[in-house]
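These are my notebook entries on a single structure. I record what I looked up, entry by entry.

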Amino acid sequence: MAKVTFQGVIKRYNDRDPHPVVAVDKMNLVVEDREFMVIVGPSGCGKSTTLRMIAGLEDVSEGSITFDHKEMNLMPPGDRGIAMVFQNYALYPHLSVYKNMAFGLNLLKLPKEKIDRRVQDAAQILGISDLLDRKPAQLSGGQRQRVALGRAIARKPKVFLLDEPLSNLDAKLRSSMRIEISKLHTRLGTTMIYVTHDQTEAMTMGDRITVMNKGKIMQIADPLTLYNQPANMFVAGFIGNPPMNFLHGKIESRFDALCFIEESLSDTRLVIPLNDHLAQQASPFRDQAIVFGIRPEGIRVKDNTLVSPHIQPAEALVEVVEPMGHEFYIYLSSGAQSFIARSRRALRYSVNEPIPIFFDLDQAHLFDPKTEAVL
Ligand SMILES: Nc1ncnc2c1ncn2[C@@H]1O[C@H](COP(=O)(O)OP(=O)(O)O)[C@@H](O)[C@H]1O
Ligand SMILES: [Mg+2]
């Protein structure tokens, strides 16, 4: 078990090139002992590079990575006490499942009986004891990924690294493996660092989540904090599905209240009177550009319970309604602005019919469009 600390870590590829690729930029991160940390972000943001530096498969250009208090920068991969699971399983095709799982242990020169016990134990945990004589080609994708996990478990690593391990599996298997990996973490009590581009995986699996974009950390927090208190527009837009709606506009005084005035190119403009909390945040930004962010569940469609004499509903046109079973996604437009609402109730509508909408301001966020940070 180990705590993993990044201090000012920079990774440049093609360092001698006049324009090196900065894959990871000044990363500061502490993964606590026994924690399940998910690193999430779009393709190319530096997730695999981060994991590979922990594993020792890539050098660190600047800064340091420590396990507990021991610096790892120059430690060979085999001496770090890590195990890594990859998206493509990386099994040896000519070796049986048993030999694949024993391979790393043979390299460690452990006694034969000990190797056997560890392989059998790992196989039992993952329910693959009856597959030990098979070759990888005789296994399904899900079984291969179990073997890859088993091989990692058998090493009894201090730090378990997983790089998009479920990406090659179909949707149903992916959600059941998600639960299995979470259970595995509870059972093993090992520090796990799990990389994915999938925000659902991140939200459901992580004790905490590190959101990355373009080599930089955007926010580190537990799942609900990321969802409810995003630090910036990137996190707000990346976490949550359907994503948060962003309306561009400015802050002005109207009807004795501070209002957000949407600035679309058309004549129809949404005017949203702010509540005290948002008005306080917005008051230094009077007459300045601002972004109003609201999650789909914060937009209420034809919900009479929210009507108050002070708040006039805005109007929007219904474009499409997607039934999802337990809820509906309602695609709306107002002037040049499009947004999505989600509703529990079926909605009787005609396409292009104007309907009243209400914004639940407790679920709204204001952002500075220059810095993209929350106000
Ligand atoms: N070996 C390499 N040489 C040069 N550039 C690389 C190399 N590996 C990755 N990169 C670049 O570094 C950035 C981060 O890549 P990576 O860590 O693989 O991202 P992710 O895993 O988040 O998709 C990308 O711009 C990628 O093109
Ligand atoms: Mg990757």
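**Entry 1: the ligand site**

I began at ligand 1, where a polar side-chain atom of Lys47 lies 2.8 Å from an oxygen atom of the ligand. A polar side-chain atom of Ser48 is likewise placed 2.8 Å from an oxygen atom of ligand 1. I also noted a polar backbone atom of Cys45 at 3.2 Å from a ligand oxygen atom. For these pairs I used the polar contact rule: two N or O atoms within 3.5 Å; within protein, one must be able to donate a hydrogen and the other to accept it, and residues adjacent in sequence count only if both atoms are side-chain atoms.

I then looked up the cover: ligand 1 taken alone exposes 560 Å², of which the protein buries 61%. Accessible areas come from the Shrake-Rupley method with a 1.4 Å probe, and for residues only the protein chains shown count as cover.

This is a predicted model, so local features need pLDDT of at least 70 and side-chain atom pairs count only at pLDDT 80 or more, while totals for chains, interfaces and linings use all residues. Residues are numbered from 1 along each chain as its sequence is written, chains are lettered from A and ligands numbered from 1 in the order in which they are written, and side-chain values use heavy atoms, with hydrogens and water left out.

**Entry 2: the shell**

Which residues surround ligand 1? I list Tyr13, Val21, Ala23, Pro42, Ser43, Gly44, Cys45, Gly46, Lys47, Ser48 and Thr49, a residue being near if one of its heavy atoms lies within 4 Å. By class, I find five nonpolar, five polar and one charged residues in this shell. Helix H1 gives the most to the shell, with three residues.

**Entry 3: helix H1**

Is H1 mostly covered or mostly open? It is mostly covered, since seven of its nine residues are buried. Buried means under 20% relative accessible area, exposed over 50%, and partly exposed in between (1.4 Å probe, protein chains only). The buried set is Lys47, Thr49, Thr50, Leu51, Met53, Ile54 and Ala55. Just after H1, I noted that Gly56 takes a positive phi of about 90°. Helices (H or I, at least four residues) and strands (E, at least two) are DSSP runs, numbered from the N terminus.

**Entry 4: salt bridges**

I counted a salt bridge where a side-chain nitrogen of Lys or Arg is within 4 Å of a carboxyl oxygen of Asp or Glu. By this rule the count comes to 14.

Asp25 pairs with Lys216, the closest N and O atoms being 2.7 Å apart. This pair links distant parts of the chain, Asp25 in strand S2 and Lys216 in strand S10 (residues 216–221), 191 residues apart. Asp25 counts as buried because its relative accessibility is 17%, whereas Lys216 is partly exposed at 41%.

Glu327 forms a salt bridge with Arg342, with 2.8 Å between the closest N and O atoms. Glu327 sits in the loop between strand S16 (314–323) and strand S17 (328–334), and Arg342 in strand S18 (residues 337–343), 15 residues apart. I record Glu327 as buried at 8% relative accessibility and Arg342 as buried at 18%.

Lys250 and Glu252 meet in a salt bridge of 3.3 Å, N to O. Glu252 lies in strand S11 (residues 245–254). Lys250 is partly exposed at 24%, and Glu252 is buried at 18%. Both belong to a network of salt bridges that links Lys250, Glu252, Arg254 and Glu263.

Terms used. Ala, Val, Leu, Ile, Met, Phe, Trp, Tyr, Cys and Pro count as nonpolar, Asp, Glu, Lys and Arg as charged, and the others, Gly among them, as polar.
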